[in-house]
Amino acid sequence: MRKFALIIVIVISFSSCNQRNKNNDNPISENQIVMDSLTAELDSIQKNGRINGFAVAMVDQNGVLYEKGFGLANLETKEKYTENTIQHIASVSKTLIGISLMKAKEMGKLNLDDPIQDYLPFKVVNPNYPNETITVRQLATHTSSINDTDEQYMERAWILTKDQDLSKVSTDYPAQRLNPSELDVPMEKYLKGYLEINGAYYQDDNYINFKPGERFEYSNIGATLCALVIEKATGQVFDSFTEEHILKPLSMNSSGWSLEDVDIKKHSRLYRNDNSLLPFYTAITYPDGMLISSSSDMAKYLVELIKGYSGEGTLLSKESYKELFTEQLSDNNFAEGERNADHPYDGDYNPAIFIGYSAFGFVGHSGGDAGVATWMYFDKEKKTGRYIVINCDMGNDERARELEYYAVWDKMNEYFDKLNLEKPAHNNVYN
């Protein structure tokens, strides 16, 4: 009888303990149900067939909440697009110039208001205002007066990578020319030829007719020049600097600035509007848009940005992150009607240091290239962030692909409200 009573006590104790475990598991299991539901909805959107392949990530200040790939990375081989598929992320890459710039400042190598001429071996001056100094900060806020021209940037900067079969790909791309590898030149030589009066790639409209610091003019050339300034100030080439101070510390192990730096077997193929295959390409101005990464790696990066905004980042000091996220311009820096107050994800509405705020308060950057579109933004109030990358041109069929892209983006935001998210432990913000 005593043995039977002991068995009953053990059974009751085990049952009680098991119930407590089940109760503790409920938040996890509920979130998994929510994530499975999101996967089903995003998969349904992809099956509309407009976007060949894409990946997304959702994060908060505590880590990665969701990452997943959909569709195909290769239409011919039917290889699936996953969160570990890699491709270049276009202008979202510029945010790494911002982090690198603040790291160089921390190291005592430069200051934001230094004249760029202090670091360059060739002369950069707007010929319309020859006595005006261009500063590092102006490069970082797109107010340097340096202009991207069609002839010398859009038709010159992109280069086909060597040793690839071009028989089945489309090299005739309307928005940006993809040049043969024989036309490749070193980044510094190209910038010198573009910016120096009477340089090999110089023309009068390489500079706009506004004083440096006066007018916002988004400039890929200016961003690349800032990367060169970082190189000269630190004595380290830009790709190596970012690997040491950003990619490795965040364990972004699938990321790099060239095909030689990554596992090409994981690389998605890219496609035009008509789904014709694009070749592999790079850019002479690679810092402005050629980081190759995965959604999984970019999720880690986005977590760090949110932590940095909240005063808890690991790549930079609190002071450096505060400067990075400080809004730098006013309405006077923009042409009339240029700022889009109705676009929730126009990061150029209030620029900071190679990152920006939309009129709705989202912080981040967007990007687009031949066969690529990316968005990376976080909500500065909720401390939640989203990332999306697709392997095809944004526009086709009267905006059908673009609207599908927005549907994926909005669906992620909808699901943040369905998750059991931990509240931020701190609320230090920079705005």
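**Values set against their cut-offs**

Biologist: Why is His 142 called buried?

Modeller: His 142 has a relative accessible area of 7%, and since buried means under 20%, the residue counts as buried. This is a predicted model, and in it His 142 lies in the loop between helix 3 and helix 4 (150–154).

Biologist: What makes the phi of His 142 worth a remark?

Modeller: Phi of His 142 is near 60 degrees, a positive value in a residue other than glycine. Ser 251 is another residue that is not a glycine and yet has a positive phi, of about 55 degrees, and its place is in the loop between helix 7 (238–247) and strand 7 (281–283). A positive phi near 85 degrees belongs to Gly 311, which follows helix 8.

Biologist: Why is Ser 251 called partly exposed?

Modeller: The relative accessible area of Ser 251 is 34%, and because partly exposed covers what lies between the 20% limit for buried and the 50% limit for exposed, Ser 251 is placed in that class.

Biologist: What makes Pro 121 exposed, and which residues is it in contact with?

Modeller: Exposed requires a relative accessible area over 50%, and Pro 121 has 54%, so it counts as exposed. Pro 121 lies in the loop between helix 2 and helix 3 (136–140), and, leaving aside its neighbours within four places in sequence, it is in contact with Glu 188 and Lys 232. Pro 121 and Glu 188 are 67 residues apart in sequence, while their C-alpha atoms are 9.5 Å apart in space.

Biologist: How do you know that helix 2 is roughly parallel to helix 6?

Modeller: The axes of helix 2 (residues 94–106) and helix 6 (residues 220–234) come within 10 Å and cross at roughly 30 degrees. Angles under 35 degrees count as roughly parallel, which makes helix 2 roughly parallel to helix 6. The crossing is left-handed, and the residues of helix 2 that meet helix 6 include Ile 97, Leu 101 and Ala 104, with Ala 223, Ala 227 and Ile 230 among their partners in helix 6.

Biologist: How do you know that the length of helix 8 agrees with expectation?

Modeller: Helix 8 (residues 295–309) has 15 residues, which at 1.5 Å a residue should span 21 Å, and its end C-alpha atoms are 21 Å apart, so the two values agree. For helix 10 (residues 400–416), the 17 residues should span 24 Å, and the end C-alpha atoms are 25 Å apart, which also agrees.

Biologist: Why does Arg 339 count as buried, and what polar contacts does its side chain make?

Modeller: Arg 339 has 18% relative accessibility, and as the cut-off for buried is under 20%, the residue counts as buried. The place of Arg 339 is in the loop between helix 9 (318–324) and strand 9 (350–351). Its side chain makes a polar contact with the side chain of Asp 331 at 3.1 Å, and a polar atom of the Arg 339 side chain lies 2.6 Å from the backbone oxygen of Tyr 349; both distances fall within the 3.5 Å that a polar contact requires. Beyond its neighbours within four places in sequence, the contacts of Arg 339 also include Ser 330, Phe 334 and Asn 350.

Conventions:
Residues are numbered from 1 along each chain as its sequence is written. This is a predicted model: local features need pLDDT of at least 70, side-chain atom pairs count only at pLDDT 80 or more; totals for chains, interfaces and linings use all residues. Side-chain values use heavy atoms; hydrogens and water are left out. Helices (H or I, at least four residues) and strands (E, at least two) are DSSP runs, numbered from the N terminus. The expected span of a helix is 1.5 Å times one less than its number of residues. Buried means under 20% relative accessible area, exposed over 50%, partly exposed in between (1.4 Å probe, protein chains only). A polar contact is a pair of N or O atoms within 3.5 Å; within protein, one must be able to donate a hydrogen and the other to accept it, and residues adjacent in sequence count only if both atoms are side-chain atoms. Contact means heavy atoms within 4.5 Å. Axes are lines fitted to C-alpha atoms, for helices over the stretch in contact, and angles run from 0 to 180 degrees between N-to-C directions. Angles under 35 degrees count as roughly parallel, over 145 as roughly antiparallel, 65 to 115 as roughly perpendicular and the rest as oblique. A crossing is left-handed if the near helix is turned anticlockwise from the far one by less than a right angle, and right-handed if clockwise.
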